[in-house]
Amino acid sequence: IEKSKWPKETIELWQRLSKKEANDINSVQKSIVHHVTTTLARSVYNMDNFAAYQAVALSTRDRLISQWNETQGQLSRADPKRVYYLSLEFLLGRSMDNALLNLGLKDTYGKGIEQLGFNMEEVIESEVDAALGNGGLGRLAACYMDSLATLDYPAWGYGLRYNYGIFQQRIVDGYQTEYPDYWLNFDNPWELPRLDISIQIGFGGHVQIIEDEYGVTRHNWIPATNVQAIAYDVPIPGYDTENCNNIRLWRSKPTKTFDLTSFNEGNYEKSVEDATNAEKITSVLYPNDNTMAGKELRLKQQYFWTAASLDDIVRRFKKSMREWSDFSDQVAIQLNDTHPALAIVELQRLLVDEEMLSWDDAWDIVTKTFAFTNHTVLPEAMEKWSVPMFEYLLPRHLQIIFDINLFFLQKVEMKFPNDRGLLNRMSIIEEAQPQQIRMAHLAVVGSHKVNGVAALHSNLIKTTIFKDFVHYYGEDKFINKTNGITPRRWLHQANPQLSDFITETLGNTKWLKDLSLLKGLVAKINDDAFRKKWMAIKRANKVRLAELIKERCNVEVSPDALFDVQVKRIHEYKRQFMNILVVIHRYRTIKSMTAAQKASVQPRVVIFGGKAAPGYYIAKLVIKLINSVAAVVNQDPAVGDLLKVVFIPDYNVSVAEVIVPASDISQHISTAGTEASGTSNMKFVLNGGLIIGTLDGANIEILEEIGEDNIFIFGCMANEVEDLRHAQRYRGVPMDSALQGVISAIEKGVFGDPKIYQPLISTLTVGKDFYLISADFASYIAANQAVDQAYKDQSEWSKKSIRCTANMGKFSSDRSVKEYADEIWNIKPYPVIDEGHL
Ligand code: F58
């Protein structure tokens, strides 16, 4: 029924009945109790923190959904250009606190729940993380969704609804063990199942070639099997705005028709098997960080997700009755790494095979629609798919890729004739045995803009992996978009005391939407009382972390010691190994000291956290070594409180929210040129933590913003790395002498059976130390000594800490997202109006 044809009274009745929920404390309490008694079927006699969490979540969700409904309704009527952010990972963490803060309802709910006999902090702790991501890339997507909503941009995320998120990590006998993260165990109040939105996705089969009535050759893909994609919507409220965006996550289910075919053939078992195979697609998140697994199921995930998302996007576009040539004026699609690069091929297929556009018209639309973000230069992370496997799963898509490649290489040949080496290097198909599809090349060829995630990284990709493409397309296609983080979660929510203090100091909360306003804190730098309070807040956060350490590691640490943190995925290029080796060096140094010398040692707590990919043997050995060193150091009376080492198990977003505000110094020490950006570096500095780091990724831009006096930089530069590796390999540069001492301590068995660590130690063999631990070792020790020295002067340290926070404006994800919107997507904010009803 067309709404405009409804009688006025009917519309008014609807409007009266769909009034938004009131947000006074009474209404809030009523809705909480309503959910307790009806949705949860519980009562006051049968309540615990988890039930309270569920009820508060359901009540918050009602309010979220109203906003979401209103935003989506107004947007579909106005139909402005939207951006679709395609990401295989959204590392959202907990939702409740964030939703309450963004809706401006935290205080009301806090008071409301307190009167009902519960403590808000404990209730919040009952929520499990949504951990649908590995690390930086997934968390970046979550921060960008927060900023897009806050800035009122019409934006949707598309991803997968994995049944199992990133595995849970436990430490058993010092080793990492993995446990499944079945996060949906108790239902998820933060999603809306859209069982009505179901899309058929095909796999396998063959391609029919037919001639249409005009004599034109058409390709018709007949898949062998089909699965269903079901939509689950996750509302993303902006901070201090009516806008509420959406992340649509797809879940795989067997199709009914498909079940029936096997069933009718009398093969019940096969139909059950096929059904479980269909469910498998969205069963689990691949737990690799910066490596490529190459598994068939992963390719299935990628196609399932991109095909469902494009079907949805195209369907929405077709409703508007516009011309195809307007597509890229309505739709921008951002590819978060190469994982969704198949979307390029799928859109070309839809336009040519199904919508009957000419190849060239279709390709013009495709390349105007897509843009691609690269997050790494590590060769082992570059996605490639074997041609035979690909052909078996996606025969028509393979043909299209070969055509895209042929037409592309023909153009390259026209521009640079007779350079076979060049064609070989640029080809989307790598001539290996078997042939491989280079997804990064496909993503570059199918996009109008390619960006790196920090200035150094964006320059590096232009001179390394995409050098030939820059030569061919010109400089303008390759740009930089330095990453950012949302200050709402990473300061306001994670560090409420500091957030309140900043608001009090600056006189209002405007800084939460314009982070450059933090500059105003500099004026307070010589105010003793201000600095004292600043440091008192840091200490309170350290007390909170010390409690977590006691609980999780059973180690007592003093909040008066210097808290030194390295939390991130465990990877050789991030050099946690180098960190623990220097800890061993520190331990040996303290052991060799007289009592008088010890008196001047700065006490330090070295805190590690992070997951290793389950198949990454060397990374797992690093975890074992850290735990073995911790076991020896923490119980050595000769060291006492001068040095403690802890490995916090199961590092995730909620643990990060406790760790980040509590650090004095954090470590961002990747070999120069390997960490594309890093984003935790930004989180620590925003919270007044100093950093020790290499000239890598976003560290460089942080240095530029906060000044060299407020950061501890060491190690070689990116442009020196190749020469150092060469010298090491061919001129036999000897191992650093301090490092030799440390290694021989391990080999003597100071930290348990040395045989265990032999594979790890071999990575340092002269000529093989790929990540240049030996080359950077001396300067790393010196940087750590400089930290100790600086920390002794607490008054100077507090000034550095304040300068850090004050100068972090650039690293708000609001800035990043606005740059993408202006320079890549060409979209404008569309503020929703609160009409008070739906
Ligand atoms: C990270 N990549 C970069 N990849 O390493 C980091 O420097 C950067 O700050 C961040 O992206 C955001 O730009 C990253 O997290 C992954 O986890 C992929 C997961 C899927 C497989 C390949 C790696």
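This is a predicted model: local features need pLDDT of at least 70, side-chain atom pairs count only at pLDDT 80 or more; totals for chains, interfaces and linings use all residues.
Trainee: OK. How is the protein chain divided?
Mentor: Into domain 1 (15-78 + 103-128), domain 2 (79-94 + 129-481) and domain 3 (487-714 + 781-812). The bounds come from an automatic or database domain assignment.

Trainee: How far apart are the C-alpha centres of domain 2 and domain 3?
Mentor: They lie 36 Å apart.

Trainee: And how many residues are in contact there?
Mentor: 42 residues of domain 2 touch 40 residues of domain 3. Contact means heavy atoms within 4.5 Å.

Trainee: What area is buried between domain 2 and domain 3?
Mentor: About 3,200 Å², with 55% of it from carbon and sulfur atoms. Buried area is the accessible area (1.4 Å probe) that two parts lose on being put together, summed over both.

Trainee: Which residues of domain 2 lose the most area to domain 3?
Mentor: Arg-139, Gln-169 and Tyr-239. Together they account for 19% of what the domain 2 side buries.

Trainee: Switching to pockets. Where does the second largest pocket lie, and why?
Mentor: Domain 1 and domain 2 both give residues to its lining, so the pocket lies between them. Its space is about 600 Å³.

Trainee: What counts as a pocket, or a cavity?
Mentor: Both are found on a 1 Å grid over the protein atoms alone. A cavity is a set of points where a 1.4 Å probe fits but cannot get out. A pocket is an open set with protein on both sides within 12 Å along at least five of seven lines. Lining residues have an atom within 4 Å of a point. Grid points are joined across faces, edges and corners, and a volume is the space filled by probe spheres set on the points.

Trainee: Which residues lie nearest the centre of that second largest pocket?
Mentor: Gln-72, Ser-76, Arg-82, Arg-316 and Lys-319, out of 19 lining residues. Helix H3 (49-78) gives the largest share, 7 residues. Strand E7 (192-203) and helix H10 (296-319) each supply at least two. Helices (H or I, at least four residues) and strands (E, at least two) are DSSP runs, numbered from the N terminus.

Trainee: How does the lining of the second largest pocket divide by class?
Mentor: 5 nonpolar, 5 polar and 9 charged. Ala, Val, Leu, Ile, Met, Phe, Trp, Tyr, Cys and Pro count as nonpolar, Asp, Glu, Lys and Arg as charged, and the others, Gly among them, as polar.

Trainee: On to strands. How do E5 and E6 pair?
Mentor: Strand E5 (residues 168-172) and strand E6 (residues 175-179) are antiparallel, over 5 bridges. Two strands pair if DSSP finds at least two bridges between them. Arg-170 stands opposite Thr-177 in E6. The hairpin has 2 residues between the strands, and Asp-173 takes a positive phi near 55°.

Trainee: What order does the open sheet of 6 strands have?
Mentor: E21-E20-E19-E22-E23-E24, with parallel pairing. The edge strands are E21 (643-648) and E24 (712-713).

Trainee: Last one. Where is the cis peptide bond?
Mentor: It joins Gln-433 and Pro-434, with omega about -5°. Pro-434 lies in the loop between strand E15 (429-430) and strand E16 (436-438).

How values were computed:
Residues are numbered from 1 along each chain as its sequence is written. Side-chain values use heavy atoms; hydrogens and water are left out.
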